[in-house]
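Take a look at the model, then read on by topic.

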Amino acid sequence: MMQAGRGGNIPGKLFLKNCGITAGILAVATAVCFLLQKFVTTDTHVPLLFVLAVLFVSRYTDGYIYGILASMIAVIGVNFVFTYPYFALNFTITGYPLTFLAMLAVAVSVSTLTTQIKRQEQVRLEAEKEKMRGNLLRAVSHDIRTPLTSVLGSATGIMENYDALTKEKKLELLKDIVEEAQWLIRVVENLLSVTRIHGDSTQITTCEEVVEEVIGGAVVKFQKRFPEAVVEVEMPPEVLLVPMDGILIEQVLVNLMENAMLHGETTKKVRIVVLCSAQRVDFSVEDDGGGIRESVLPHIFDENLQSREGKTYDSKKNMGIGLSVCMSIVRAHKGNMTAKNLDGGGACVTFWLPREEEI
């Protein structure tokens, strides 16, 4: 019930936000017109400035109503404030009806077109998200069948040939089962991450998280699977608070560290470097492995990553699914991600998050 109540306040907050934006833009247009009166002798610029204000209102508010309301206010305001006799409504001025009907028509048309463009862009983005989610789910469902078949085969082999198998062979089959089960867990975690990003709201909920704690949680989870790996963390001494979904960003860091171990081939050490500026925080995951092939680098965040040899990476040892999920999570946080090879050997994947939440 409490959560439903909080959700019920969202439309009210959105209404107040849109009203504030509308009032603010119209106030700025009015102030600019008053300022220009000191330098120009005519008021011909006034209608154009208010049409521009309506354009901005339509761009930065949601729905048609605010742009149309701004159009009506602009028409009446220009008549009342900037048309002689000043600070009085006068609808008898020669040419007034045609001039201001034209202004109203232009303002309403601009508002309507701007709102339609915004909605079309939103529909396009939604379609892209659904396409990406579908591709990911298809790829993951294909991956799930392989380890399940392996688990079933190993378990069946032990059950049917228990007395005939040596202790070493049983341990080998059990080790295969454990490895396949770990792979399935990571696939399910990625699936859950995709679901959280592309749920009904298509938005994630962020709050200020301590960066050090998020990194610490990721390192602990990573070293449970790779206890032999050396992990170094370098970050500023001050406490960093960044708006994020802590669980999702932790998943990104775990995916990147696991990829460094699985695909670096000779990777022994993973290094996490955190840099911050006034606008954003950069997270880099570096390794001392063999690096990333140049043919793969341009497509490393694609959902269906393939090498030049045509061999798909959407297999047990893949980085395509994991990295595409990482990119989706980072972009949902209004950030971005890049990858490169280091001069001294190894690879570096960097993502950044804004330090202030974008409304």
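Glu-265 is exposed, because its relative accessible area of 74% is over the 50% cut-off. This is a predicted model.

**Loop residues with positive phi**

- Glu-265 sits in the loop that runs between helix H7 (246-263) and strand E4 (269-276).
- Its phi is positive, at about 65°, although Glu-265 is not a glycine.
- Lys-334 also has a positive phi of about 65°, and it is not a glycine either.
- The loop that holds Lys-334 lies between helix H8 (320-332) and strand E6 (336-341).
- Lys-334 is partly exposed: its relative accessible area is 47%.

**The chain as a whole**

- The protein chain contains eight helices and seven strands.
- It has 359 residues, and 40% of them count as buried.
- Take the contacts between residues at least 6 apart in sequence: 67% of these join residues at least 24 apart.

**Confidence**

- The mean pLDDT of the protein chain is 79, and 79% of its residues reach 70 or more.
- Residues 1-8 have a pLDDT below 50, and this stretch makes zero contacts in the model beyond near neighbours in sequence.
- Residues 306-320 also have a pLDDT below 50, but this stretch has 40 contacts in the model beyond near neighbours in sequence.

**Helices H2 and H3**

- Helix H2 covers residues 45-60, and helix H3 covers residues 65-81.
- The two pack with their axes 9 Å apart, at an angle of about 160°.
- That angle is over 145 degrees, so H2 and H3 are roughly antiparallel to each other.
- Their crossing is right-handed.
- On the H2 side, the contact uses Val-46, Phe-50, Val-54, Val-57 and Ser-58.
- On the H3 side, the residues are Tyr-66, Gly-67, Ala-70, Ser-71, Ala-74 and Val-78.
- By class, this contact has eight nonpolar, three polar and no charged residues.

**Tyr-66, a buried residue of H3**

- Tyr-66 lies in helix H3.
- Tyr-66 is buried, because its relative accessible area of 9% is under the 20% cut-off.
- Leaving out residues up to four places away in sequence, Tyr-66 touches Phe-15, Asn-18, Cys-19, Thr-22, Val-57 and Thr-61.
- One of these, Val-57, belongs to H2.
- Cys-19 is 47 residues from Tyr-66 along the chain, yet the C-alpha atoms of the two are separated by 7.4 Å.

**Helices H6 and H7**

- Helix H6 spans residues 211-225.
- The axes of H6 and H7 come within 9 Å and cross at roughly 40°.
- H6 and H7 are therefore oblique to each other.
- H6 passes H7 in a right-handed crossing.
- From H6, the contact draws on Val-214, Ile-215, Gly-217, Ala-218, Val-219, Lys-221, Phe-222 and Arg-225.
- From H7, it draws on Gly-246, Ile-249, Glu-250, Leu-253, Val-254, Met-257, Glu-258, Met-261 and Leu-262.
- By class, the contact of H6 with H7 has 11 nonpolar, two polar and four charged residues.

Technical notes: Residues numbered from 1 in each chain as written. Predicted model: local features only at pLDDT ≥ 70, side-chain atom pairs only at ≥ 80, totals over all residues. Heavy atoms only, no water. Axes fitted to C-alpha atoms, helices over the stretch in contact; angles between N-to-C directions. Helix = DSSP H or I, 4+ residues; strand = E, 2+ residues; numbered from the N terminus. Parallel < 35°, antiparallel > 145°, perpendicular 65-115°, else oblique. Left-handed = near helix turned anticlockwise from the far one by under 90°. Contact = heavy atoms within 4.5 Å. Nonpolar A, V, L, I, M, F, W, Y, C, P; charged D, E, K, R; others polar. Buried < 20%, exposed > 50% of the residue type's maximum accessible area, 1.4 Å probe, protein only. pLDDT = per-residue confidence, 0-100.
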